[in-house]
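Student: I would like to take a close look at one part of this model, a sheet and the way its strands pair. Could you walk me through it in one go?

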Amino acid sequence: MSRLQPLNSARRKDIMIHSLLVFLLPVLAKALDNGLVRTPPMGWLAWERFRCNTDCKNDPDNCISDRLFRTMADLVVSEGYAAVGYEYINIDDCWLDKERSYTGQLQPDPVRFPYGIKDLSNYIHSKGLKFGIYEDYGNYTCAGYPGILGSLELDALTFASWDVDYVKVDGCYSLPRDMDIGYPEFGYFLNRTGRPMVYSCSWPVYQIYAGIQPNFSSIIENCNLWRNFDDIQDSWSSLESIIDYYGNNQDSIVPNAGPGHWNDPDMLIVGNFGLSYEQSKTQMAMWAILAAPLLMSVDLRSIRPEYKAILQNRKIIAVDQDPLGIQGRRIYKHKGIEIWARPISPLYQNYFSYAIAFLNRRTDGTPSDVAVTLHEMGLVASGGYRIEDLYEDVDYGILTPQTKIKVKVNPSGVVILRANVQPSYAPTTPYDPFRTGFPAVNRNSFKKKRSIEIIS
Ligand SMILES: *[C@@H]1O[C@H](CO)[C@@H](O)[C@H](O)[C@H]1NC(C)=O
Ligand SMILES: *[C@@H]1O[C@H](CO)[C@@H](O)[C@H](O)[C@H]1NC(C)=O
Ligand SMILES: *[C@@H]1O[C@H](CO)[C@@H](O)[C@H](O)[C@H]1NC(C)=O
């Protein structure tokens, strides 16, 4: 039962139609032009892990406070996250005082942010990082603090005066119909401040929940990123529901992504309580395939080294940050096995390179084999592809489109490969089972796990 047969011919046809045609659809809409996030933003965001903990008296280490953000900024630098690209330190809900100031300005809770937001922003900038904040296009934030409705211009100016680099605007306590005007209006005021600020919108998700078809050409024109679906929770089932949403709705979602404008499937929960090691690898790989923002929401003081290594996997981050900015899609789904592919650089003539994720959603507790040729996955360039396993760091050399590979995927786990297209004049290297991408002979590489087998 656990061994899957090679894909049947009907499925092969599905895969080819998808991979050859749909990736080439261009985005015709005009996009927000503030020069920011040409690749998906990377950083740390408080919400999923720290929520609305305001109890600094009893839980000073974990409450939403100046201290928490300074500590995480320190760790993003000292623990090497900044060196691999994590850059934004972002506040979420529950930073505000319940009242605006007597002049009508937003102000932080005076006990939890005793030095003010500008001082925190300065500190984060002094670490070479960028600073993000949260608000809500409504009368209140989701947790009941003052929203921006009625004060859009003043609040945009306040954020600029605090040297904010990134603004997430939620959609509680507002009318989803009003968002078509409200989100662009706030974006206009952000722009008018003259300070470039990444604009993260929750606009489509609230409209979808209200049964309104979002106007994505307007969303792309006004926002740098936006949420399409539920908040992520600390569980595999939550992660699966997000992966399914993006797969099931990919025809309408994928074309909206591109440099400066991204779909946001929500935070990375790698290193928290709810995901196993395999499942954590799955989230990181899938977020890279989805060209997703990589916003970690985890306690960087206590994260275990194996989870930190997942978050710092440079090869997977490079897929996420690919300059072409094309979001990947699900090209195969059958009996709990999925194959996802994302076109990436470099290109050779009209052929893309690809990141390919093999995802095993089965729960029978043994790895499943997936047998497929490169050609069946849309990898048809006659010069072949250099195939590399991005978690196991194994380089399988150059394989031709006709090559059939068998990939062993752990339950709720993933194998993610990078397939770099080769010029057609390159001689194809005969397959050498001991070949690796590291120094010609690297003893360690013999011990590396080989997740794929070349079967013909
Ligand atoms: C926001 O508050 C104003 C003033 O109380 C009220 O008129 C308006 O209906 C509220 N808007 C929403 C979306 O609740
Ligand atoms: C404001 O918008 C204009 C026109 O899209 C753009 O060129 C400019 O960079 C924007 N400025 C900021 C600060 O976002
Ligand atoms: C969607 O937004 C675009 C650009 O802002 C606008 O031109 C178009 O009329 C809108 N479409 C609908 C159906 O409202």
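Student: How many bridges join strand 12 to strand 15, and in which direction do the two run?

Tutor: Happy to, keeping in mind that this is a predicted model. Strand 12 and strand 15 (residues 404-409) are joined by 6 bridges, and they run antiparallel. To find your place in this pairing, look for Val370, which stands opposite Val407 in strand 15.

How far can you trust the model around here? The average pLDDT of the chain is 92, and 89% of the residues score at least 70. Over residues 435-446, however, the pLDDT is below 50, and this stretch has 11 contacts in the model beyond near neighbours in sequence. Residues 16-22 also have a pLDDT under 50, with 10 contacts beyond four places in sequence.

For another antiparallel pairing, turn to strand 9 (residues 329-334) and strand 10 (residues 337-348), which are joined by 5 bridges. Here Arg330 stands opposite Trp340 in strand 10. These two strands form a hairpin with 2 residues between them, and in the turn Lys335 has a positive phi of about 50°.

You will find Pro60 in the loop between helix 2 (47-50) and helix 3 (66-78). Pro60 counts as exposed because it has 12 other C-beta atoms within 10 Å.

Finally, here are two ligand shells to display. Around ligand 2 are Asp33, Asn34, Gly35, Asn191, Gly194, Arg195 and Pro196, a shell that divides into 1 nonpolar, 4 polar and 2 charged residues. Around ligand 3 are Asn215, Ser217, Ser218 and Glu221; this shell has no nonpolar residues, 3 polar and 1 charged.

Definitions and conventions. Residues are numbered from 1 along each chain as its sequence is written. Chains are lettered from A and ligands numbered from 1 in the order in which they are written. This is a predicted model: local features need pLDDT of at least 70, side-chain atom pairs count only at pLDDT 80 or more; totals for chains, interfaces and linings use all residues. A residue is near a molecule or strand if its C-beta atom, placed from the backbone, lies within 6 Å of it. Ala, Val, Leu, Ile, Met, Phe, Trp, Tyr, Cys and Pro count as nonpolar, Asp, Glu, Lys and Arg as charged, and the others, Gly among them, as polar. pLDDT is the predictor's confidence in each residue, from 0 to 100. Two residues are in contact if their C-beta atoms, placed from the backbone, lie within 7 Å. Two strands pair if DSSP finds at least two bridges between them. Helices (H or I, at least four residues) and strands (E, at least two) are DSSP runs, numbered from the N terminus. A residue is buried if 20 or more other C-beta atoms lie within 10 Å of its own, exposed if 12 or fewer, and partly exposed in between; C-beta atoms are placed from the backbone.
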